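Hi,

Here is the structure I said I would pass on.

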Amino acid sequence: MNSLCKLLLQRLALGLLSLFAVSVIIFLAVGMLPGDVAQAMLGQAATPETVAAFRAQLGLDLPPLTRFGHWAWQLLHGDLGLSLANQRPIAELIGARLGNTFTLALLAALVSVPAALLLGMLAALYRNSWFDRLLNTSALSAVSFPEFFVAYILILVFAVKLNWLPSISNLAPGASFAEVLERSLLPVLTLSLVVIAQMMRMTRAALINLLASPYIEMARLKGISQARIIFHHALPNALAPIINVVALNLAYLVVGVVVVEVVFVYPGLGQLLVDSVAKRDIPVVQACSLIFAATYILLNTTADVLSIASNPRLMHPKG
Amino acid sequence: MSLIKPLLRAPLSAQFGLLVIVLYILVALFAPVLAPFGETEVVGEGFAPWGGQFLLGTDNLGRDMFSRLVYGARNTLGIAFLTTLLAFAVGGFCGLVAAIRGGWIDQGLSRLVDILMAIPQLIFALLILSVVGTNATSLVLVIALLDATRVFRLSRAVAMTVVVQDFVEAARLRGEGLWWLVSREVLPNAAAPLIAEFGLRFCFVFLFISALSFLGLGIQPPTADWGSMVRDNAVLITFGDISPLLPALAVALITVSVNFVVDWVLHKSSGLKEC
């Protein structure tokens with residue numbers, strides 16, 4: 001039990017360390033800007049004296065280490081700074097959008113995880129049948145499609161031809177839950193399709209690897225039913241790889257959201273990020289990147305921790 | 001003759017994939033011959049319908065859709081190929097050197113890669129592109145750098161299993177230099193998985209560039225490029241016109257094809273038969 005705790009703590013420390021490294025990189029990115037933030041905010045016409053004064057006001061004349069400490073301290077207090085484009089506090093810009101993006105990712109996860117696991121198990125169970133081959137080929141194709149292609153095909157079919165759903169997902173602030181659900185159905189479907197394919201392939205591979213092992217053969221020879229072999233004998237051992245796959249794909253989901261939000265004009269963080277990159281509004285890009293990167297690291301660390309915790313061999317170390 | 005035989009015995013999906021890849025390369029090479037109009041030439045009204053003078057209609061600015069699709073093959077494929085090549089040159093070389101040299105070079109490079117990989121690729125690319133600005137050169141460099149981390153991981157792992165073998169030890173005792181070890185001892189024995197990875201990485205880079213172009217942050221106008229063509233003409237989809245989907249379909253087709261071929265190559269080289 002002790003060594004398990006140690007492993008888990010190591011992973012958590014590693015996660016925190018990468019979070020720190022990432023924040024340093026994101027902080028340094030601004031330093032690569034030709035000129036600096038003060039120059040960018042005031043524009044080309046500003047006199048050197050104004051820029052210098054403004055720089056002092058922003059604290060840009062302090063040494064980098066102090067500035068980083070200051071920036072990180074403010075960040076931890078929820079103060080993300082001001083947007084270059086419209087001088088509004090970034091926290092205000094991000095607030096509602098963050099919720100929208102997480103709703104989207106959460107809904108997609110709720111749809112895709114059970115579907116992918118079920119399909120993966122079925123494919124492993126009936127492997128090399130026409131059903132398996134069909135699933136595999138369509139999964140391979142879905143993985144290689146660009147997200148916007150999937151998105152536009154769904155729009156073409158469900159919004160334009162069948163006229164069942166709206167083609168853009170602009171959410172009004174006071175929308176009811178049913179309305180939100182209807183509007184985000186197509187983005188959720190797009191995200192799910194892309195993720196399901198990946199997860200299904202990996203679930204199938206993990207299960208098939210296990211089904212070839214001697215103890216499954218033994219169970220089969222004892223005459224245990226197929227379903228019991230899968231759920232009782234194979235699945236617990238496949239849990240660690242499957243958890244890993246799920247977490248990795250959820251992490252992917254958080255990033256994949258960016259493109260899908262742009263296609264459907266969904267008012268989320270991804271759209272804000274893309275707009276800000278086009279406008280070179282660096283503080284907003286910094287804040288958005290930090291949120292995305294932190295979520296990504298959090299999910300990856302959770303995956304590590306869970307797959308360690310679900311491995312019974314580590315509970316009883318030898319010697 | 002020996003090349004044709006395995007091709008005939010390849011599964012249908014792999015044959016299809018190879019055919020498509022060859023077709024794309026031909027289109028990319030002979031783009032000026034195949035395209036009826038110039039790449040950026042405005043030849044008519046915007047959003048002209050299919051047929052007549054314009055095989056697939058015109059785009060939002062009145063440029064011939066078919067010509068731009070043909071030129072797009074050249075631009076998008078070319079940039080993606082260049083990027084992948086660069087990523088492999090940098091990542092592959094560093095990976096091999098890290099495996100051969102070990103010690104602090106290995107530690108330093110590996111930790112650097114760990115940190116770079118902790119940030120989602122798209123987000124990192126957007127962050128850097130917002131600082132250095134969006135143009136083709138920075139696009140290629142940024143994506144190549146990010147992709148080199150993945151190549152580094154693989155080539156290091158593959159090279160690690162080669163480095164411990166006797167013939168490498170013998171070469172070391174002979175006093176061969178680093179370049180000899182990399183190019184004559186380790187690389188030939190690590191080539192097979194790296195080639196398969198090249199196909200997969202190419203797909204990934206291709207999708208990545210298309211996605212960035214689609215977001216308006218990749219290859220910049222007026223260069224014809226499939227991702228931005230979808231973006232420019234997306235309005236038409238709401239009227240039930242499928243021509244904006246053609247460039248997206250072109251992207252999908254080539255990535256599926258490369259994936260089919262890689263799948264087949266991997267299956268063949270592993271000699272693995274699923275039970």
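Below is what I found in it, starting with the ground rules.

This is a predicted model, so local features need pLDDT of at least 70 and side-chain atom pairs count only at pLDDT 80 or more, while totals for chains, interfaces and linings use all residues. Residues are numbered from 1 along each chain as its sequence is written, and chains are lettered from A and ligands numbered from 1 in the order in which they are written.

Chain B overall

Chain B has 11 helices and 0 strands; helices (H or I, at least four residues) and strands (E, at least two) are DSSP runs, numbered from the N terminus. Its C-alpha trace spans about 70 × 50 × 35 Å along the principal axes. Of its 275 residues, 45% count as buried. For that term, a residue is buried if 20 or more other C-beta atoms lie within 10 Å of its own, exposed if 12 or fewer, and partly exposed in between, with C-beta atoms placed from the backbone. If you take the contacts in chain B between residues at least 6 apart in sequence, 67% of them join residues at least 24 apart. A contact here means that the C-beta atoms of two residues, placed from the backbone, lie within 7 Å.

What the record says

UniProt (unreviewed entry) puts "domain: ABC transmembrane type-1" at residues 73-266 of chain B. UniProt positions are given in the numbering used here, feature names are shortened, and annotations may be inferred rather than shown by experiment. In the model, residues 73-266 of chain B are 82% helix and 0% strand, with the end C-alpha atoms 26 Å apart.

The unreviewed entry for chain B also lists "transmembrane region" at several spans, including 122-146 and 198-219. Residues 122-146 of chain B are 88% helix and 0% strand, and their end C-alpha atoms lie 9 Å apart. For residues 198-219 of chain B, the figures are 77% helix, 0% strand and 22 Å between the end C-alpha atoms.

For chain A, the "transmembrane region" annotation (unreviewed entry) covers spans that include 102-126 and 284-309. Residues 102-126 of chain A are 96% helix and 0% strand, with end C-alpha atoms 35 Å apart. Residues 284-309 of chain A come out at 100% helix and 0% strand, with 37 Å between the end C-alpha atoms.

Where the chains touch

The contact takes 42 residues from chain A and 36 residues from chain B. On the side of chain B that touches chain A, the elements giving two or more residues are α6 (121-132), α9 (178-214) and α11 (245-270) of chain B. The largest share of that side, 9 residues, comes from α11(B). By class, that side of chain B has 27 nonpolar, 7 polar and 2 charged residues. Ala, Val, Leu, Ile, Met, Phe, Trp, Tyr, Cys and Pro count as nonpolar, Asp, Glu, Lys and Arg as charged, and the others, Gly among them, as polar.

Two helix pairs in chain B

How do α7 (residues 136-163) of chain B and α9(B) cross? Their axes come within 10 Å and cross at roughly 155°. Axes are lines fitted to C-alpha atoms, for helices over the stretch in contact, and angles run from 0 to 180 degrees between N-to-C directions. The helices α7(B) and α9(B) are therefore roughly antiparallel to each other; angles under 35 degrees count as roughly parallel, over 145 as roughly antiparallel, 65 to 115 as roughly perpendicular and the rest as oblique. The residues of the contact of α7(B) with α9(B) divide into 16 nonpolar, 2 polar and 4 charged.

With 18 C-beta neighbours inside 10 Å, B:V162 counts as partly exposed. B:V162 and B:A190 are 28 residues apart in sequence but 7.4 Å apart in space, C-alpha to C-alpha.

The other pair is α2 (residues 12-29) and α4 (residues 65-101) of chain B, whose axes come within 8 Å and cross at roughly 105°. That makes α2(B) roughly perpendicular to α4(B). The contact is made by B:Y24, B:V27 and B:A28 of α2(B) with B:V70, B:A73, B:R74, B:L77 and B:G78 of α4(B).
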